[in-house]
Amino acid sequence: MELYFFLFFAIVAVASSVAMILQRNPIYCVLLLIMVMISIAGLYLMLDAQFVAIIQIVVYAGAIMVLFLFVIMLLNLSREEGGVFRIQKPLAVLLAALLFLPVAAMVMSYAGGGTTPPADGGGAGFGEVEQIGTLLFTKYLLPVEIAAVLLLIAIVGAVVLTRKGTVSVGE
Amino acid sequence: MSYLPLILLVILVLIVAAVIVTLSSYIGRKKTSASKLASYECGVPIKDSARKNFSVKFYLIAILFILFDVEIIYLYPWAVVYGDLQLYGAAAMGVFFLLLVIGFLYEWKRGALEWD
């Protein structure tokens with residue numbers, strides 16, 4: 001049963017990723033990326049990471065995709081033109097291949113049963129909000145505060161970048 | 001299988017949506033006229049294409065929303081375990097919040113929340 005659900009979410013994720021890359025219309029790309037995010041949320045759910053799964057849908061499929069749409073509208077990309085990425089294309093293939101190698105090596109090292117998950121699935125309440133909250137604010141308090149600094153930098157950056165030299169089109 | 005009701009709900013919603021759309025396209029009466037098929041049956045006539053550059057202001061609002069959205073994510077697990085953490089938790093979140101309130105005050109004072 002679990003295998004079928006994994007296969008379903010995995011196939012949907014991979015298929016929508018491929019379709020997203022092959023799609024020429026940027027708006028359709030964003031919609032397909034939402035499909036990818038939701039199927040990855042399904043995979044998280046199967047890993048007992050309920051909180052992460054919901055966050056994946058709320059933040060990635062919801063808010064970040066809206067941001068993507070705004071960027072597409074901002075740049076006025078109606079249709080992707082063929083010859084634009086002439087230099088970037090071989091470079092992208094090379095980078096993707098370089099990124100794929102360590103991931104593949106990692107998967108292969110796990111395939112032989114390198115690490116097995118705990119038999120009880122990490123204990124009662126694993127992946128639930130209580131456990132995440134306790135860990136975030138005790139053991140991992142410093143990373144959380146650093147995340148706040150990161151968000152602060154992002155706020156300042158967004159305001160500074162968009163404030164000066166704004167050209168308003170329409171109205 | 002604690003997610004069985006959820007999966008059933010998803011399947012049910014998909015079935016209901018498909019049935020409603022198919023039924024209305026078969027049973028519904030189709031009387032078309034030029035004004036009925038226009039993009040906006042009522043309202044102002046279309047001026048020009050919608051495919052034009054949008055102001056960067058939309059983007060600014062969106063990214064500021066996302067940043068505070070991410071902040072809320074931290075707030076949620078904190079609120080769940082607040083009873084256990086007590087004063088320590090309040091102090092931890094206080095520092096976190098203070099940093100973001102600085103950002104909020106900055107964008108407010110710089111006029112990033114003003115539309116013009």
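User: How much area is buried between chain A and chain B, and what share do carbon and sulfur atoms give?
Analyst: Happy to start there! In this predicted model, buried area is the accessible area (1.4 Å probe) that two parts lose on being put together, summed over both. Carbon and sulfur atoms give 79% of the area buried between chain A and chain B, which is about 4,200 Å².

User: Which helix of chain A gives the most to the side that touches chain B?
Analyst: Helices here are DSSP runs (H or I, at least four residues), numbered from the N terminus. Helix 3 (50-75), helix 5 (129-137) and helix 6 (141-163) of chain A each supply at least two residues of that side. The one that gives the most, with 16 residues, is helix 6 of chain A.

User: How many salt bridges does the rule find across the interface of chain A and chain B?
Analyst: A salt bridge needs a side-chain nitrogen of Lys or Arg within 4 Å of a carboxyl oxygen of Asp or Glu. Across the interface of chain A and chain B, the number found by the rule is zero.

User: Are helix 2 and helix 3 of chain B roughly parallel or roughly antiparallel?
Analyst: Their axes, lines fitted to C-alpha atoms over the stretch in contact (heavy atoms within 4.5 Å), come within 10 Å and cross at roughly 170 degrees. Angles run from 0 to 180 degrees between N-to-C directions; under 35 counts as roughly parallel, over 145 as roughly antiparallel, 65 to 115 as roughly perpendicular and the rest as oblique. Therefore helix 2 of chain B is, relative to helix 3 of chain B, roughly antiparallel.

Methods:
Residues are numbered from 1 along each chain as its sequence is written. Chains are lettered from A and ligands numbered from 1 in the order in which they are written. This is a predicted model: local features need pLDDT of at least 70, side-chain atom pairs count only at pLDDT 80 or more; totals for chains, interfaces and linings use all residues. Side-chain values use heavy atoms; hydrogens and water are left out.
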